[in-house]
Amino acid sequence: MNRENTDKTPEVDPMSQSSEPRRLFFPLDLGAFDLHGHELREIVGTAVVFGIIAYLSMAFTPSDGVAIVSPSNGILLAALLFVRRPSSRTAIIAFSMIADVIANATTHHTLLTSIGLSLIDGLEIIIAFSILKSRERLPFQFKGIPSLLSFSVAVFAASAAAAILAGTVHSFSQKAVDAHSLFSLFAAHLLGFFTVTPALIRFLGRSKTIHPTPSSYERFGLLGLLVFLPVIMIVTSQSPFGFVILPILVAVAYRLGPKDTSTAVLLLSGTVLICSALGYDPSANIAPTSLLSGPLILQLRILTTIFTVMLLAETIASQARLRAQLSAELARRSKLNCHLKSQEETLTLQKAELERAHNRLREAIDILPEGMVILDADNRYVAWNRRYAEIYSQTADLLSVGGNFILENAHHPEARRIDDASLADKSLRASSDPREQFLDGRYYLVEEKRTSEGGLISLQIDITDIKKRESSAVYMARHDALTSLPNRHVLTERMHAATTCEHRGEGMALLLLDLDNFKTVNDTLGHAAGDELLQAVADRLRNALRESDTVARLGGDEFAVLVKVSQPETAGATAARVLNVLKNPVRIGGKDVVCSASIGIAVTPDHSSEAIELFRLADLALYAAKETGRGTYRIFEPELDIKFKAKAQLETEVREAILGKQFEIHYQLITSLSTLKPIGAEALVRWSHPRQGSASAADFIMIAEEIGLISELGAEILRRACLEAVTWPDEMSVSVNVTATELEADNFIDTVKCALADSRLAADRLIIEVTESTVMKDVERSARVLRNIRELGVEVAMDDFGTGYSSLGSLAKVPFQRIKIDRSFVRDLAASPEARAILATIVDLAKTLGMATTAEGIETAEQLSIVKNYGCTSVQGYLFHRPQPAEQVRALLWNPCDTEQNAA
């Protein structure tokens with residue numbers, strides 16, 4: 001069956017209202033059944049329950065054959081009240097009648113009597129349902145006294161009709177109708193309706209209760225007494241216990257509400273019915289009268305009690321609902337009153353706040369540093385501040401609220417627009433663009449805005465200081481802050497302007513000037529002294545040149561001079577004059593500072609007519625002047641650009657070669673003088689130039705340093721050299737040269753560790769060679785890094801010893817283990833006693849410090865004999881082996897015969 005929630009408002013389901021209007025009609029659909037599977041199962045289940053209850057109520061009856069309570073029809077009526085579809089109701093009645101016939105026949109009624117009684121039960125249900133349908137809307141709810149009265153009318157009428165029809169049926173089989181049995185049947189059916197139907201509707205309908213929720217102890221206690229006391233009363237035949245039942249039911253109605261009252265009625269009737277079925281006669285102690293039998297008196301007592309209690313419960317529930325509604329209404333009204341009071345207070349506060357805001361606004365307007373005036377739509381004064389009256393002081397006495405607006409220019413001839421345009425009437429402008437006005441020697445920005453009502457708000461902002469700052473900012477943006485000379489931006493502008501004069505035969509020369517040794521002045525005397533020197537240079541340049549010439553500072557110690565020339569030689573004369581002026585000492589901090597300069601010159605149109613290109617060419621000339629010895633000037637020549645482009649191309653090729661790993665490594669063996677066998681090899685990088693063929697390291701190492709890729713190249717050489725050395729005999733070591741840039745890198749130690757780890761070469765088979773000039777760039781740092789290298793187990797050697805300027809100091813501070821004597825000493829050993837004396841000194845010094853010595857550049861047997869006699873430990877040179885690719889060196893090392901033959 002379709003069980004709907006019956007506690008929502010409105011109480012009537014919309015579908016029921018639309019499909020089943022509130023009128024009297026036959027409730028059954030006699031057409032074909034249109035039932036779903038789950039509906040059919042519920043209908044059959046209802047019919048089975050109906051039949052079982054009907055059978056039990058007829059099978060266990062007192063001796064007169066009439067049950068005290070007949071609950072089956074109450075079940076059937078509840079089912080009809082729950083379903084929506086008439087076809088479902090028809091199916092319920094049809095199946096239930098079949099079950100009723102079976103129940104009657106089982107209790108020894110004849111087939112005709114069973115059918116007749118079943119039809120009577122069906123007619124009874126239809127009558128009750130039709131009356132309820134005409135008075136109430138479905139789904140039916142027990143909610144209030146009217147619904148209870150409608151139910152009472154329906155079941156009274158249906159039970160009376162059933163009793164009369166039953167008496168008529170019995171009259172065909174009996175000669176007289178027993179009035180007591182007829183009334184008892186009426187009361188039994190009436191009790192069945194009152195007992196079962198309300199309880200089922202309330203249980204299955206989930207009606208919402210507004211009654212206070214009782215405790216479980218109270219509920220089970222009262223309901224338990226309603227079971228216990230009737231059982232005691234019936235079993236022990238103690239009639240006085242019956243007087244206690246009514247107060248308990250009243251307590252249930254008062255404390256538990258209508259739903260639990262229906263439960264109590266069901267329990268009471270069920271208890272009586274069960275006791276009757278067990279053979280006890282509840283009416284045994286009730287004395288019959290001439291009109292009423294004992295069971296009928298019992299039925300009337302129970303019926304009266306049930307009706308009274310249910311009426312009481314509905315009354316109490318109705319009062320509770322009214323109280324709840326009244327409380328909700330009072331709460332709503334109280335909340336509304338509080339809300340209104342709060343709004344009233346808010347409005348009062350807002351009004352006071354508006355007054356305060358108005359006063360604050362007037363005060364704020366009055367203290368504004370800008371002049372302010374407010375006009376209405378008719379251009380009449382609404383408000384103004386003190387500053388506005390001060391600005392237009394000559395017309396202050398004409399200001400009045402409601403007075404006509406006074407055009408400023410009409411009363412202030414000295415007031416004018418900055419753009420010299422006339423002041424238009426404000427009434428002709430919906431919204432004016434900001435404009436500047438000059439008044440009393442000060443600048444004002446006038447900003448105006450139309451209001452939504454058509455009025456106008458005007459601000460007069462004093463921008464005199466801003467104007468001054470703008471002028472100052474414009475000047476600073478175009479001039480150097482330290483020297484007040486024009487900056488690069490101004491110089492570029494004037495160069496572009498000068499190029500437009502070329503067609504008149506006028507040339508222009510750009511002189512780029514760079515101070516020599518300016519960094520030394522900064523480092524020795526401080527930056528303040530350096531700034532003072534720059535200011536002195538700027539003053540001398542201004543004084544040495546014409547007013548038509550442009551002197552600019554480009555930044556740092558770089559200056560530029562732009563002069564008009566008729567031929568390039570004139571630019572050279574100007575540069576010579578500038579150098580002559582700058583060579584005089586400058587007195588700074590009590591000391592005479594001499595700071596010469598180098599100058600690069602480019603001339604238009606001879607060299608270029610483009611300002612940017614002229615800068616580049618003059619810069620090339622400046623670079624060439626520095627290379628020639630500083631303190632001079634150089635005029636640009638095409639060969640400089642060719643040389644620059646060639647160097648740029650070489651840098652690109654070197655970059656591509658490094659990133660593409662196009663370099664090769666050759667190895668030159670190092671031979672022990674004691675055994676004349678190789679003990680190691682020096683890794684020498686070679687490059688096959690794409691245009692010039694084979695190139696030595698001297699051709700590209702410096703370029704790799706300049707483009708910042710020497711560290712990548714060095715790491716690759718170190719890694720490949722270690723990998724190659726692993727293939728050599730265990731007594732062979734590999735020497736790798738390291739530049740100053742690599743040594744200064746923070747990750748140099750990690751680079752060495754990675755090369756050893758990747759190749760698995762023993763650390764004592766690797767020798768790191770550094771030149772003395774590399775160490776002397778930063779002795780302390782170099783010593784610290786090389787000590788860390790030694791801690792790894794790697795040997796450290798000084799390459800090209802004797803070519804630097806502090807060899808002994810380097811040996812004292814840096815932990816070298818080997819000295820490589822430069823080939824410049826070895827080359828002159830045979831002819832120069834001085835060279836042999838230096839060799840002897842170096843070897844003795846190395847022995848004293850516990851260092852090995854390697855003589856480089858051995859090319860003759862005589863040189864070999866000399867270095868061997870002086871005590872060198874190893875040699876390296878063309879006499880033994882030239883640098884060779886890795887494959888040839890590897891083959892040579894693993895062929896001892898060839899090695900010994902080469903040494904011999």
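## Contacts and overall make-up

In this predicted model, residues 24 or more positions apart account for 65% of the contacts in the protein chain that have a separation of 6 or more. The chain contains 32 helices and 23 strands.

Of its 904 residues, 45% count as buried.

## Helix α19

Helix α19 covers residues 611-627, a run of 17 residues. At 1.5 Å a residue, a helix with this number of residues should span 24 Å.

Several residues of α19 are buried, among them the leucines Leu614, Leu617, Leu620 and Leu622. The buried residues of this helix also include Phe615 and the alanines Ala611, Ala618, Ala621, Ala624 and Ala625. Gly629 follows α19 and has a positive phi, near 130 degrees.

Asn487 is found in the loop between α14 (464-478) and α15 (488-499). The relative accessible area of Asn487 is 15%; because buried means under 20%, Asn487 is classed as buried.

A polar atom of the Asn487 side chain lies 3.2 Å from the backbone nitrogen of His489. When residues up to four places away in sequence are not counted, Asn487 touches Met476, Ala477, Arg478, His479 and Asp480, together with Ala552 and Arg553.

Note on methods:
Residues numbered from 1 in each chain as written. Predicted model: local features only at pLDDT ≥ 70, side-chain atom pairs only at ≥ 80, totals over all residues. Heavy atoms only, no water. Helix = DSSP H or I, 4+ residues; strand = E, 2+ residues; numbered from the N terminus. Buried < 20%, exposed > 50% of the residue type's maximum accessible area, 1.4 Å probe, protein only. Contact = heavy atoms within 4.5 Å. Expected span 1.5 Å × (residues − 1). Polar contact = N/O pair within 3.5 Å; in protein donor to acceptor, adjacent residues only side chain to side chain.
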